[in-house]
Amino acid sequence: MLETSARLLKLLSLLQTHRDWPGTDLAERLGVTTRTVRRDVERLRELGYPVHALQGTPGYRLGAGASLPPLLLDDEEAVAVAVGLRTATSSSVAGIEETALRALTKLEQVLPSRLRHRVNTLQSATVRAGTAPGPRVPADALMTIADACRRHECLRFDYTSPRGGASRRTAEPYRLVNFGRHWYLVAFDLDRGDWRTFRVDRLTPRPPAGPRFTPRELPYDDVADYLARQLSARTWPCQATVTLHESAEAVSDRVWPGMGAIEAVDARSCLLHLGAETTDDLVWMITSVQADFTLVSGPPDLPAAFRRQAARCLAALGSESEV
């Protein structure tokens with residue numbers, strides 16, 4: 001039979017699987033009587049764990065409490081949390097770094113030496129790339145927007161456009177999307193009568209929230225795909241569409257987020273919609289996918305840009321006999 005302290009930890013571990021546990025099953029797992037299980041449940045409640053009794057059948061469930069009692073983590077979970085907290089210390093969410101660092105310090109103080117060594121080994125062997133400073137987003141703004149999305153409540157906010165124009169908007173928030181180091185709100189703009197995307201770092205919520213609404217159907221099946229299309233085409237002066245002579249599944253890993261939006265056509269082809277600052281940038285982006293393609297639409301000077309790139313490549317190889 002397990003000692004009392006070890007048995008409590010085992011009981012807590014079972015309850016944390018978020019299952020409804022009959023008292024008889026817990027007793028069998030722990031090798032004790034159902035009476036002992038009841039006493040152990042009371043001890044957990046005294047420690048702050050909200051263990052609820054099931055109705056209709058003798059059993060228990062671990063609920064969410066008003067305060068946060070100590071967590072029971074296995075080795076893999078503890079390492080995963082520590083790594084996640086280290087990553088959060090360089091987050092694009094303003095104010096969360098210090099909080100993550102405090103939580104990480106507390107966790108590392110109680111980690112067994114073998115786990116602390118694993119976390120430190122991973123940290124020392126890892127170099128964070130692409131850490132150029134990006135826009136910071138207040139954590140309270142994210143929570144306000146997320147709460148409005150969850151409750152389906154209209155959101156009022158001040159917004160500064162990329163060109164510096166300020167306006168006050170009212171929208172039906174749909175989803176928050178984290179895209180690289182940027183946060184975006186996808187919402188139905190009631191003032192414009194259409195779907196819009198808003199950079200959260202340019203947005204200041206104006207509580208309280210507005211009336212509740214019935215969510216509309218998004219123009220695309222996937223909100224991330226919709227945002228990719230918005231960012232890769234509509235926000236750029238040069239836009240193009242090409243047919244890639246491979247399936248959407250085959251090329252999906254070659255089109256990075258923000259580069260373009262893929263639209264499946266059939267098992268052998270797909271459309272790639274993308275945008276850039278110049279036609280030369282479009283040529284580079286399209287050819288980087290490394291797939292045969294046919295130009296569908298684009299700026300008038302895009303064909304000439306492709307010819308210049310082709311001539312440049314052939315010139316690099318020398319005479320035709322050397323190819």
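Let's start at His152, in the loop between helix H7 (139-151) and strand S6 (155-160). Helices here are DSSP runs of H or I with at least four residues, strands are E runs of at least two, and both are numbered from the N terminus. This is a predicted model, so to speak of local features we need pLDDT of at least 70, side-chain atom pairs count only at pLDDT 80 or more, and totals for chains, interfaces and linings use all residues. Residues are numbered from 1 along each chain as its sequence is written, and side-chain values use heavy atoms, leaving out hydrogens and water.

Back to His152. Its phi is positive, near 55 degrees, and it is not a glycine. Most residues other than glycine have a negative phi. Buried means under 20% relative accessible area, exposed over 50%, partly exposed in between, with a 1.4 Å probe and protein chains only.

Next, Gln290. This residue has a positive phi too, about 60 degrees. It sits in the loop between helix H10 (279-288) and strand S14 (293-297). Gln290 is exposed, at 65%.

Now a peptide bond. Most are trans. Pro207 and Pro208 are joined by a cis one, with omega about 5 degrees. Pro208 lies in the loop between strand S10 (203-205) and helix H8 (223-234).

Last, strand S11, residues 238-244. Of its 7 residues, 6 are buried. Which strands pair with S11? Pairing needs at least two DSSP bridges between two strands. S13 pairs antiparallel with S11 over 7 bridges. There, Thr241 stands opposite His273. S14 pairs antiparallel with S11 over 4 bridges. Leu244 has Phe293 as its bridge partner in S14.
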